[in-house]
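Colleague: I would like to learn how to read charge pairs, interfaces and helix packing from a set of coordinates. Could we go through them one at a time, with the general idea before the case?

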Amino acid sequence: MINTLSYVCIGIGLFFWVWGTWPLVGDRSVLFKLHSLSVADTLGSMSIVVGLLLKIPREWPLLLLAIISLAIWNTVLGYVLAYCSSSKETP
Amino acid sequence: MNLILIIMLAILLIPLYEAWQDDNIWQKVLAFSSIASKTSIMILIVSILRDDWMIGVVGVIILSVGNAALMLLAHIIKRLNDL
Amino acid sequence: MNDSYIYVIAALLPLTSLMLVLQSNPYHALVVRGIVGAVAALVYAVLGAADVALTEALVGTMLAIMLYAVAVRSSLVMRLGVVAESEAVVKAEGDRDLQDILDHLRSIVAKRHLKLELVSYPNEKALQQALIAKEIHATCLKSEIESQPYQTTTRVRHLYDIFQQELTLPVTGLAYLSAED
């Protein structure tokens, strides 16, 4: 039961990865790509890590740290990248 | 689990292709950030697959430190473009 | 070790390295170097060398990129000396000729992935001294000739050769100052 649930979580994560990464190939603006990447990619990664957590609950501190650092760093990184890439037009 | 890893490798090829074909530096940085987080998640999966705690720790450290390097790089590139 | 994915992951490393080698723009090469670092860390971790992977991520990706960035930033720049008042003129966009010259120079050196950096000096004498002391690569000065209001002087032979072919604006002359060593 739990094994199936973890595979479902990982499957959802992989789907989110494809969803977030696919817009990278295309002629959209950096901010559009950054949006899809930071939202879908982070959610996908977190879902995969939750799936792993369900699979092996023994290593929960490590995986919890992974989830927290994913959530915090990717959000901050999204802001920093958006600030750095868009401040060029309005000096 | 092997199948999951193969699918992840296939997904990893998308940002690699993007970094190859796009000439805008910010698009390349985006592809880099995507690749950095994907590879560290893959390291985590491999560590679970092999039941190796040491590789897992390395994966988590790379996950947090790689992003810090990316932020520094973004700021440096911004300064370069300001010149 | 009969895991088939190891071969696929190991194949990523030469692929990204080839990408890195084929980049012509040094700034793009910096970013691709980061990608190579991430992939290399993955390969090392999958092959079981956790310590090497950690070192690659910390030193190979983070430190090396910072050092390369500093090196690229300080070497791939052309420093052009101007007199302080003319820089203020450029900021106010009053002088069309100087604007044109600077834009033209920028586009020429951008083809070689260089950037143009303006360095202002209080008067022409300080400018000449800075050129001789190799603080700047070239100067752009007002000249007395009516049809050619500006004079660009460089002390770098290679820059002079490039400019001689491509700096075709009529408003500036071009001169080469051979530095005595």
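Colleague: How many salt bridges does the rule find across the interface of chain B and chain A?

Modeller: The general idea is that side chains of opposite charge can pair when their charged atoms come close. In this predicted model, the rule finds four salt bridges across the interface of chain B and chain A, and over all chains the count comes to eight.

Colleague: Which residue does the side chain of B:Glu18 meet in a salt bridge?

Modeller: The partner of B:Glu18 is A:Lys33, with an N to O distance of 3.4 Å. A:Lys33 also forms a salt bridge with B:Asp22, at 3.9 Å from N to O.

Colleague: Are A:Lys33 and B:Asp22 buried or exposed?

Modeller: A:Lys33 and B:Asp22 are both buried. As for C:Asp103 and C:Arg106, which form a salt bridge with their closest N and O atoms 3.7 Å apart, C:Asp103 counts as partly exposed because its relative accessibility is 41%, and C:Arg106 counts as partly exposed because its value is 36%.

Colleague: Where in chain C do C:Asp103 and C:Arg106 lie?

Modeller: They lie in helix H5 (residues 96-111) of chain C, and because they are three residues apart there, about one helical turn separates them. For a pair of another kind, take C:Arg33 and C:Glu56, whose side chains meet in a salt bridge at 3.9 Å, N to O. This pair links distant parts of the chain, 23 residues apart, with C:Arg33 in helix H2 (residues 26-46) and C:Glu56 in helix H3 (residues 50-75) of chain C. Both C:Arg33 and C:Glu56 are buried.

Colleague: What is the area buried between chain B and chain A?

Modeller: The size of an interface is often given as the accessible area lost when the parts come together. Here the area buried between chain B and chain A is about 3,700 Å², and carbon and sulfur atoms give 79% of it. B:Leu30, B:Ile48 and B:Met71 supply 17% of the area that chain B buries against chain A, which is more than any other three residues. The contact takes 39 residues from chain B and 41 residues from chain A.

Colleague: At what angle do H2(B) and H3(B) pack?

Modeller: Helix H2 of chain B and helix H3 (residues 53-82) of chain B pack at an angle of about 175°, and their axes are 8 Å apart. The two helices are therefore roughly antiparallel to each other. The residues of their contact divide into 14 nonpolar, seven polar and two charged; among them are B:Trp26, B:Phe32 and B:Leu44 in H2(B), and B:Leu63, B:Leu70 and B:Ile77 in H3(B).

Colleague: Which residues does C:Leu30 touch, not counting residues up to four places away in sequence?

Modeller: With those sequence neighbours left out, C:Leu30 touches C:Ile65, C:Tyr68 and C:Ala69. C:Leu30 is found in helix H2 of chain C, and with a relative accessible area of 4% C:Leu30 is buried. The C-alpha atoms of C:Leu30 and C:Gly48 are separated by 27 Å, the two residues being 18 residues apart along the chain.

How values were computed. Residues are numbered from 1 along each chain as its sequence is written. Chains are lettered from A and ligands numbered from 1 in the order in which they are written. This is a predicted model: local features need pLDDT of at least 70, side-chain atom pairs count only at pLDDT 80 or more; totals for chains, interfaces and linings use all residues. Side-chain values use heavy atoms; hydrogens and water are left out. Buried means under 20% relative accessible area, exposed over 50%, partly exposed in between (1.4 Å probe, protein chains only). Helices (H or I, at least four residues) and strands (E, at least two) are DSSP runs, numbered from the N terminus. Axes are lines fitted to C-alpha atoms, for helices over the stretch in contact, and angles run from 0 to 180 degrees between N-to-C directions. Angles under 35 degrees count as roughly parallel, over 145 as roughly antiparallel, 65 to 115 as roughly perpendicular and the rest as oblique. Contact means heavy atoms within 4.5 Å. Ala, Val, Leu, Ile, Met, Phe, Trp, Tyr, Cys and Pro count as nonpolar, Asp, Glu, Lys and Arg as charged, and the others, Gly among them, as polar. Buried area is the accessible area (1.4 Å probe) that two parts lose on being put together, summed over both.
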